[in-house]
Amino acid sequence: MQPSKSDIKSVEKSSIIELLYQVIDPEVGINIVDLGLLREVSVTVDGVVEIKMTLTTPTCPLGPYIIEEIQQTLESVASITDVNVTVVWEPPWNPESDMSDQAKHILGWN
């Protein structure tokens, strides 16, 4: 049974990353963690989550959708007061080094 919003008193970086496995890139059907889109995740003592992420390409039309999904997923946690997502392009996304082995397997890369 998952904890309710009122049961969660604080959140750690590892918990945030675990929640982000629920955010799926609809073009490929793989979560953003396994795709290697996350660059940095931090949480302030005030409960503000700061995420730096990249996209597979600068022209990815689903960027706003993915950002909205991240915000909705994390804002359901009581101890998170705000979610800020910044898209960064350095380093550029590299499927060979950024994707997990599971994502590569799903896509038939290994």
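1. The structure holds one salt bridge (side-chain nitrogen of Lys or Arg within 4 Å of a carboxyl oxygen of Asp or Glu). Its partners are Arg-39 and Asp-98, with an N to O distance of 3.1 Å. The pair links distant parts of the chain, 59 residues apart: Arg-39 lies in strand β3 and Asp-98 in helix α4, residues 95–98. Helices (H or I, at least four residues) and strands (E, at least two) are DSSP runs numbered from the N terminus.

2. This is a predicted model: local features need pLDDT of at least 70, side-chain atom pairs count only at pLDDT 80 or more, and totals for chains, interfaces and linings use all residues. Residues are numbered from 1 along each chain as its sequence is written, and side-chain values use heavy atoms, leaving out hydrogens and water.

3. Arg-39 has a relative accessible area of 25% and Asp-98 one of 22%. Both count as partly exposed, the class between buried (under 20%) and exposed (over 50%), with a 1.4 Å probe and protein chains only.

4. Beyond its neighbours within four places in sequence, Met-53 is in contact (heavy atoms within 4.5 Å) with residues including Leu-38, Arg-39, Ile-70 and Val-87.
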